[in-house]
Every structure is written in structure tokens, then in C-alpha cells.
Amino acid sequence: MKLLEMNHIKKSFGDNQVLKDFSLSVEKGEVVAIIGPSGGGKSTFLRCATFLETIDSGEIRYMGKPAATTGADGKAVYVSPAEMREIRGYFGLVFQSFNLFPHYTVLKNITDAPISVQKRPRAEAEATARQLLAKMGLSDKENAYPYQLSGGQQQRVSIVRALAMHPEILFFDEPTSALDPELTGEVLKVIRGLADEHMTMVIVTHEIGFAHAVADRVVFMDGGVIAEEGTPDEVLSHPKNERTAAFLSRLTD
């Protein structure tokens, strides 16, 4: 079952066309790693997929339901706010900079949206949060504030916050780029555990070894298009596209 379908997406900022006829679909249980040079369109794709940016034209579907389509005038038309609220419930997003509320405790950071947005009972939301915190090795941090946590702990809390909404698919935007190598390992271990549980994930990452170990499919983006995609072995070990090969050789030089 396709959880996400993005077809013929175009997105420009002024005269700069960042996404050029971009298409990607993600199956349930699949882990897709998106790699590529800065400015290649990875973050814009992620922001369009999660409605932080609007597309110019193309189609976005979640669980088969259209979120955006192209109207007769060739421009993107989005569904109603009520329909969009339902579709937003299908995904979670983990940012590179954690984006935790500094004045909320860890527990409140995690339970705020399930209670206020999904109207879940507080007791149920808190039980879910505590269960997820235990799984992440953070049971003793529920009353801490973000400034009292290491970067790796903050990022694990932000993953818990996304999981607490029971999403069908999780997006990660360079989840380890703000962390030092030791803390990076902590967070990658958590993501690897989620992959073992068949959580559907799309991970924009510069961690090539991690992408090789965890992803079912690797997508190399450059110049606003998918230049190459395939299994980790195909794309990372035996790239066919010259741009992919050049990008990977720069990383290993």
C-alpha cells in the first residue's frame, strides 16, 4: 500500500526552480533515505511533503487521499482545512534542530499535541508518552526541561513527540546534523530500532553508512530531480549516474 505519493511536483522560489517534475512514492513499512548535495532540493521536497511549503503544481496523496492536485489553470489546489487536518495526522516530522518548546517539560512537549489536536484523554496521552520515553531510555527525564538535556536526548524526545501522534509515516530532516559523533550514534540507534519495527520512514541524511545499513531504498537528489534511486547497494556501492558517483567520491575523499 502506498502511504505517500508525490507526482510531477514543481516548486519555485522566484526564478529559482528548486523541484523540477519530482515524483516519489513510499510504500507502507519502507525506509527511504534521501541523499544529495546542498541545494539539490532535499529540504524543499520534505517541506512540500509536510505542507510547510505549498507546491506550484503536481499531486500529493497520503493513504490514497488527495491533499493537493493541479487545477485547470495548471496551479496546485489544496483540500479544505478539515480534510487537511485529517491528512496531517498521517505523518510526523523530526527536525534537525529538535524544535522542542523550551518552557515545557519533556512530558508536556510530548503530550501537548495529542491532547489539544487529537483530543485524546490526558491519562491516555501521558501513558503513551511514558511508554515511548521508557523505550528511548528517557524514563527519568519526563519532568526535565529541554535545556537540561543533551542534544542526543533532545532529539530522542523530538522523535517520541512525533511517535506519540501515532503517525503512519515519519519524516526526518537531517536528524543528526546538529549532533556530535557520539550523540549521533544514540539517535541513529533509535531510528534503526524503528526500522526493525517496520515503521515507514523518509530520512533526509548525510550519513551514508547509516543509509546503507537501514534504508530499503536510497534516492539521490540533485538539481531538483531524482538523479538515481535503487537499493542501497545499487546507489551507494555501484552508482550508475555520474553525478551520484561524483557526490559519493567527494564524501569518501
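Over the ring of which residue does the charged end of Lys108 sit? The views below, taken from a predicted model, begin with this residue.

**View 1. The charged end of Lys108 sits over the ring of Tyr104.** The distance from the charged end of Lys108 to the centre of the Tyr104 ring is 4.5 Å. Tyr104 is buried, with a relative accessible area of 17%. The ring of Tyr104 also pairs with that of Phe101: the ring centres are 5.1 Å apart and the planes meet at 55°. Phe101 is partly exposed, at 38% relative accessibility.

**View 2. Lys11 lies over the face of Phe13.** Here Lys11 is placed 4.9 Å from the centre of the Phe13 ring.

**View 3. Phe91 and Phe171 form an edge-to-face aromatic pair.** By the rule applied to ring pairs, the model contains eight aromatic pairs. In the pair shown, the ring centres of Phe91 and Phe171 are 5.9 Å apart, with 80° between the planes. Phe91 belongs to strand S7 (residues 91–94) and Phe171 to strand S8 (residues 169–173), so the pair ties together parts that are 80 residues apart in sequence. Phe91 counts as buried at 10% relative accessibility, and Phe171 is buried with a relative accessible area of 0%.

**View 4. Ring pairs link five named residues into a cluster: Phe51, Tyr62, Tyr78, Phe91 and Phe171.**

**View 5. Helix H3 packs with helix H5.** Two packed helices are described by the angle between their axes and the distance between the axes. For H3 (residues 106–116) and H5 (residues 151–163), the angle is about 25° and the axes are 8 Å apart. H3 is therefore roughly parallel to H5, since angles under 35 degrees are counted in that way. The crossing of the two helices, H3 and H5, is right-handed. Val106, Asn109 and Ile110 are the residues of H3 that meet Val157, Val160 and Arg161 of H5.

**View 6. Thr200 is placed in strand S9.** This strand, S9, covers residues 200–204. Thr200 is buried, with a relative accessible area of 2%. Leaving aside residues up to four places away in sequence, Thr200 touches Leu3, the residues Val26, Glu27, Lys28, Gly29 and Glu30, and also Glu168, Ile169 and Leu170.

Technical notes
Residues numbered from 1 in each chain as written. Predicted model: local features only at pLDDT ≥ 70, side-chain atom pairs only at ≥ 80, totals over all residues. Heavy atoms only, no water. Helix = DSSP H or I, 4+ residues; strand = E, 2+ residues; numbered from the N terminus. Buried < 20%, exposed > 50% of the residue type's maximum accessible area, 1.4 Å probe, protein only. Contact = heavy atoms within 4.5 Å. Phe/Tyr/Trp six-rings, centres within 6.5 Å; stacked < 30°, edge-to-face > 60°. Lys NZ or Arg CZ within 6 Å of the ring centre and 35° of its normal. Axes fitted to C-alpha atoms, helices over the stretch in contact; angles between N-to-C directions. Parallel < 35°, antiparallel > 145°, perpendicular 65-115°, else oblique. Left-handed = near helix turned anticlockwise from the far one by under 90°.
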